[in-house]
Amino acid sequence: MIQRPTRELAQTALFTQRSEDLPIADRVRLSYQRARAIGRAYALTAEDVLFLSPKFWALHTDPIAGIDGAAATLLTIQYNLCAGTLATHVHEQPELAPLLQRVLDFDVSGQFCLTEVGHGLDVIHMETTATQLPDGSFELHTPVGSAAKFMPPTSPVSPGFPCVSVVFAHTYVNGEDHGVKPFVFQLHDGQIVTPGVSIKLLPSRGGSRPVNHSLTYFNRVRLPPTALLGNVDKKPRDIRAAFFRNIYRVAVGTIALSSLGMLSLQVASYIAARYSLRRTVVDPSGVPRPILEFHTQKTPILTALAQSFVLHEMHEQCVAWFCDPSLDPRVRHAVATVHKVAMIQTAQEANFALGDRCGAQGLFEANQLSAMHSDMRGIAIAEGDLLGISIRTCCPDPTLSCPTANVRPARPAGLASELILGRYAIEPPRYPDSLLARHEAGLFAELRAALRAAPGGHRGAAYGRALLPRAMPLVHAIGQRVAYDAARVAALDAPLLALFEAAAVLQDEAWYVECAGARRAALRAAEADAVEAVLPHLEEYLERMDVEPYIVAPIVSDKRWTQFVGGLTTFGEARGVWAVGPGTGEEAEAPAPVTALAPAALLSSDVSMASMREPHRGVRSML
C-alpha cells in the first residue's frame with residue numbers, strides 16, 4: 001500500500017460531497033479549500049520546491065487530483081510556479097522568506113502571471129512594462145489590451161484567500177530595455193483589489209472542474225524596489241537566455257503537470273473496470289454475465305491499466321534525468337517534453353475510450369471520467385500545447401550547453417528539428433531490437449532523408465511541410481520507447497509490458513506493416529493474447545494501484561449507486577422499490593394502488609389542475 005498523506009483526507013466531507021450542481025462560484029471556492037487542505041497535508045518546504053524533492057513529485061502524482069482537477073491546477077501554480085520562483089530568489093533576497101512561507105502554508109493564493117492574451121507561446125515578446133522611476137521604484141503597466149495576463153486565476157474568491165502573484169514584464173531602466181523580469185506583489189486581499197489592478201473573470205471553460213481563470217491588467221501600478229525578483233544593476237549580456245532562466249519553473253511544470261496523466265489512467269481504468277464487473281447483460285442461455293467479458297470492453301480497460309503501470313516507470317526515469325545536473329540542459333528539457341506528450345496523449349485516448357465504454361454513465365461528471373478528460377485538455381495546453389512544444393525550442397538557455405565563452409551556439413531550430421539534426425539526443429534505446437525502438441529509429445531515418453532532400457535545408461518550406469505535421473508523432477514515439485525501456489529495466493510484470501507494447505504498435509499499424517514486415521492479423525492477435533494474459537490478474541493490479549480511496553464515482557458499486565440516487569432531487573413519489581438497492585438493508589413499502597388517468601382524460605379540458613398534480617404511481621415509465 002502506497003503511503004500518501006491524502007489517503008484519509010480523501011474520505012472527509014470536504015472531498016466526498018457532491019459539487020456538480022453547486023453554483024460555479026461555490027465550486028471554485030470549494031476547489032480552493034480542497035487545494036489548501038492538500039497543500040497543508042504535504043507541508044512542502046522551500047527545499048522541497050527548490051530542489052524538486054520526492055515529496056514535490058508525489059504531490060503531482062497524487063490520485064486525489066481525480067476528485068477535483070481544479071484543485072490540482074491551483075496546487076501546481078501555488079507550489080511549482082509561484083513558490084518555486086520565490087524559492088529561487090530567497091537566498092539573495094532573504095526579505096522574501098516570510099512571503100514564501102505564507103505561500104508554502106497556503107495562507108495566500110500564489111499566482112504566476114506570464115502569458116499574455118495577444119502572444120501565447122510567443123511570450124518573450126510580451127508588452128507588459130515595468131519602468132524604473134528615479135526613486136528606484138517601478139511602474140507596472142498594461143499598455144494595450146493584447147498585453148493582458150491571460151488565464152491565471154487571480155480574481156477574488158473568498159476573504160480567506162488573499163492573492164499574491166509573480167508578474168513578468170519588460171523592464172526599462174533609464175530608457176533601456178533590460179529584458180523580461182519577474183516582480184511579486186499582492187493583487188488583492190481576498191475582496192479588495194490593489195489600486196491600479198483590474199481583473200476580469202473569464203467564463204468557465206466548459207466540461208472541466210471550474211477555475212476562476214481571469215484577464216489581469218495593470219494601470220501604472222507603483223511597486224517598491226523590493227518587488228523585483230533579481231536585480232537591474234546591469235543589462236543581461238543575453239536577454240533571451242536571461243528570460244528563459246527566469247521562467248525555468250515553466251519547464252519544471254511541463255513534466256510536473258503532465259504527471260497527472262498517469263494518475264488519470266489509474267483512476268479511469270479503476271472506475272471502468274469496477275463498472276464493467278458490476279454491469280451485466282443476459283446471454284442467450286439466460287445467464288447474467290459482466291460486460292467485462294466482451295473483448296471490446298476489456299481491451300481498452302486493461303490497456304489503460306497496463307499503460308498506467310508502464311508510464312509510472314517512465315515517470316520515475318524522466319524525473320531522474322530531468323533532475324540530473326550533469327546532463328545537457330537541452331536534453332533535460334527535451335525529456336520534459338517527451339514526458340508530457342507521451343503522458344497526455346495516452347491519458348486522453350484512454351479517458352475518451354473508457355468514457356464511451358461506460359455508455360451514458362460516462363457522460364456524467366459525477367462519474368469522474370468526462371471531467372478528467374476535460375481537465376486533461378487544459379493540462380495539454382498548459383505550459384505549452386503538445387504540438388507547440390514538440391516543434392519549438394525546448395531548452396531555456398542554449399548557451400548553458402556551451403561553457404566555452406568563445407563558442408557561439410548554433411541557432412535553435414526547434415526540438416524535433418534539433419533531434420533530427422543530431423545536435424543532442426535523449427539516451428539511446430537500451431533494447432534496440434524492440435519493436436518500439438525500431439519504430440523510433442525508422443521515423444528518424446525518414447525525417448533525416450526528408451532533410452537531405454529538402455531545398456533550403458531545415459529552414460526551408462519543403463522541410464517544414466515534411467516535418468511540422470510529424471513533430472508530435474516523432475516525440476510520442478520517443479516517449480513510447482523510453483517508457484518501454486524504463487518498464488523493462490524495472491522488471492515490470494511481463495503481461496503488462498506486452499500489452500503496452502501491443503497497443504503502442506497498433507497506433508502506427510501502417511509503419512509496422514510497411515517497414516517491419518508485420519501482418520495486420522498478427523498485430524491484432526498479439527494485442528488479444530496480451531489482453532488475455534493480463535485479465536486473470538485484474539484484481540491484483542487494481543489493488544496495486546491503490547486508488548480506491550480516491551474514487552467518488554457512484555457507478556463502481558451498487559451501494560454507492562444507491563447512495564447517489566438517494567441524494568438526487570426527487571419529484572413526485574419519494575419512496576418505492578427504486579429508492580433502495582442491494583446492500584442497503586432496507587425494504588421498500590409496497591406502493592398503494594392508484595388509478596391512472598386514461599389518455600382521453602389527459603386530453604380533456606375538464607381535467608383539473610389538482611388532478612394533474614396527483615402522483616400517477618400506476619403509470620409505467622416509457623423509459
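Modeller: Happy to! Let's start with Trp-57, which is buried at a relative accessible area of 6%; buried means under 20% relative accessible area, exposed over 50% and partly exposed in between, with a 1.4 Å probe and protein chains only. Before going further, please note that this is a predicted model, in which local features need pLDDT of at least 70 and side-chain atom pairs count only at pLDDT 80 or more, while totals for chains, interfaces and linings use all residues. Residues are numbered from 1 along each chain as its sequence is written, and side-chain values use heavy atoms, with hydrogens and water left out.

Phe-56 is buried too, at 0% relative accessibility. The structure holds 13 aromatic pairs. In the pair of Phe-56 and Trp-57, the ring centres are 5.2 Å apart and the planes stand at 85°, so the pair is edge-to-face. As for the cut-offs, rings of Phe, Tyr and Trp (its six-membered ring) pair if their centres lie within 6.5 Å, and planes under 30 degrees apart count as stacked, over 60 as edge-to-face and the rest as tilted.

Phe-112 and Phe-168 are also edge-to-face, because their ring centres are 5.1 Å apart with planes at 70°. This pair links distant parts of the chain, 56 residues apart: Phe-112 is in strand β1 (residues 109–113) and Phe-168 in strand β5 (residues 163–173). Helices (H or I, at least four residues) and strands (E, at least two) are DSSP runs, numbered from the N terminus. Both partners are buried, Phe-112 with a relative accessible area of 7% and Phe-168 with 0%.

Ring pairs also join Tyr-32, Tyr-79, Phe-106 and Phe-161 into a cluster.

Now to the charges. Side chains of opposite charge can pair when their charged atoms come close. The structure holds 28 salt bridges, a salt bridge being a side-chain nitrogen of Lys or Arg within 4 Å of a carboxyl oxygen of Asp or Glu. One of them joins Glu-365 to Arg-27, with the closest N and O atoms 2.3 Å apart. Glu-365 lies in the loop between α11 (329–357) and α12 (369–381), and Arg-27 in helix α2 (residues 24–42), so this bridge ties together parts that are 338 residues apart in sequence. Arg-27 is buried, with a relative accessible area of 10%.

Asp-107 and Arg-40 form another salt bridge, their closest N and O atoms being 2.9 Å apart. Here the parts tied together are 67 residues apart in sequence, because Asp-107 lies in the loop between α6 (97–104) and β1, and Arg-40 in helix α2. Asp-107 is partly exposed, with a relative accessible area of 31%, and Arg-40 is partly exposed at 43%.

Next comes Lys-298, which forms a salt bridge with Glu-532, the closest N and O atoms being 2.7 Å apart. This pair links distant parts of the chain, Lys-298 in helix α10 (residues 295–322) and Glu-532 in helix α20, 234 residues apart. Lys-298 is buried, with a relative accessible area of 8%, while Glu-532 counts as partly exposed at 38%. Elsewhere, salt bridges that share partners connect Arg-4, Arg-7 and Asp-546 in one network.

Helix α20 (residues 520–534) also holds Glu-527. Glu-527 is buried yet has no salt bridge, and the nearest side chain of opposite charge, Arg-524, is 4.2 Å away; in this count Lys and Arg are positive and Asp and Glu negative, with His and the chain ends not counted. Not counting residues up to four places away in sequence, Glu-527 touches Thr-299, Leu-499, Ala-502 and Leu-506, where contact means heavy atoms within 4.5 Å.

Helix α10 is also the place of Cys-318, which is buried with a relative accessible area of 1%. Its contacts, again leaving out residues up to four places away in sequence, are Ile-255, Val-335, His-339 and Val-482. Cys-318 and His-339 are 21 residues apart in sequence and 6.8 Å apart in space, C-alpha to C-alpha.
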